[in-house]
Amino acid sequence: MEIPAINLKAIVLVHWLLTVWGCMAWLPPSYAWGNFSVLAVGVWAIAQRDSIDAVLMFLIGIAVTILTDIIHFGIYYPLPEGLSEMNRDTFRFSAGMAILGLVLKPVSCFIIYQMYRERGGDYNVNFAGFPSVTRNRDAYQSIDQQDQTASSANPFNQARDTKPGAANSS
């Protein structure tokens, strides 16, 4: 499956815009603080193009805000009675943009995970039994182990002075 090339800047911009619009009418300051903090980590991931940690932190942050957004929507969604028609339209727009941002976050997580893999991240999640995160280190050689080759007896690889005819001179 070919994944479309979406820039990290576009993801941060779209989520920033949807968060700003979502905060216009009804969500508490904790929603804004949580989402804007994660977007700041996204700016860090943009600034350091080779950083695996920045992309991983952004991925984890987006995943956590999915849960916190659901909690915020569940607690604060009821429309207060007695709003004028203009305020009701603002509330609907704000709620729609916040929900759209929540719907787009899993897609963003998938794309950010692909960027993480492109930058060299190699965490694998094992779903059999208990989920565990492992890192494949088969390609690495420990510095504690040294190769036991013929050259290890002579550490400087100097050739010995041997005479080919000296052993067979009988």
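## Terms and overall layout

A residue is called exposed when its relative accessible area is over 50%, and buried when that value is under 20%. With that in hand, let's walk through this model, which is a predicted one.

The protein chain has four helices and two strands. Read from the N terminus, the elements follow the order α-α-α-α-β-β. Of the 170 residues in the protein chain, 26% are buried. Contacts also reach across the sequence: among those between residues at least 6 apart, 69% join residues at least 24 apart.

Pro29, Trp33 and Ala47 are exposed and sit on the face of α2 turned away from its buried side. The buried residues of α2 are Tyr31, Ala32, Asn35, Val38, Leu39, Gly42 and Ala45. These residues lie on the same side of α2, because the arc they cover around the axis is only 145°. Their packing partners are α1 (8–22), α3 (52–76) and α4 (85–118).

## Helix α1, seen the same way

The same check works for α1. Its 15 residues should span 21 Å at 1.5 Å a residue, and this agrees with end C-alpha atoms that are 21 Å apart.

Which residues of α1 are buried? They are Leu8, Ile11, Val12, His15, Leu18, Thr19 and Gly22. They cover an arc of only 140° around the axis, which means that they fall on the same side of α1. The buried residues of α1 pack against α2, α3 and α4.

His15 belongs to helix α1, and its relative accessibility of 4% is under the 20% cut-off, so His15 counts as buried. Leaving aside residues up to four places away in sequence, His15 touches Leu39, Gly101, Leu104, Lys105 and Ser108. Ser108 is placed in helix α4 and is buried as well, with a relative accessible area of 7%.

Is Leu13 buried or exposed? At 53% relative accessibility, Leu13 lies over the 50% cut-off and therefore counts as exposed. Leu13 and Leu39 are 26 residues apart along the chain, and their C-alpha atoms are separated by 8.7 Å.

## The nonpolar core

The largest nonpolar core is made of 25 residues, and Trp26, Phe58, Phe73 and Ile112 have the most contacts inside it. The elements giving two or more residues to this core are α1, α2, α3 and α4. Among these, α4 gives the most, with nine residues.

Phe73 shows what some of these contacts look like. Not counting residues up to four places away in sequence, Phe73 touches Trp26, Leu27, Tyr31, Ala98, Ile99 and Leu102. Tyr31 in this list is one of the buried residues of α2.

## Cysteines

How many disulfides does the structure hold? The count is zero. Cys23 is partly exposed, with a relative accessible area of 24%. Cys109, by contrast, is buried, since its relative accessible area of 13% is under the 20% cut-off.

An unreviewed UniProt entry places the feature "transmembrane region" at residues 30–47, 54–79 and 91–113. The model can be set beside two of these spans. Residues 30–47 are 100% helix and 0% strand, with end C-alpha atoms 26 Å apart. Residues 91–113 are likewise 100% helix and 0% strand, and there the end C-alpha atoms lie 33 Å apart.

Terms used: Residues numbered from 1 in each chain as written. Predicted model: local features only at pLDDT ≥ 70, side-chain atom pairs only at ≥ 80, totals over all residues. Heavy atoms only, no water. Buried < 20%, exposed > 50% of the residue type's maximum accessible area, 1.4 Å probe, protein only. Arc of directions from axis to C-beta. Contact = heavy atoms within 4.5 Å. Disulfide = S-S within 2.5 Å. UniProt positions renumbered as here; feature names shortened; annotations may be inferred. Expected span 1.5 Å × (residues − 1). Core = buried A, V, L, I, M, F, W, Y, C linked by side-chain atoms within 4.5 Å.
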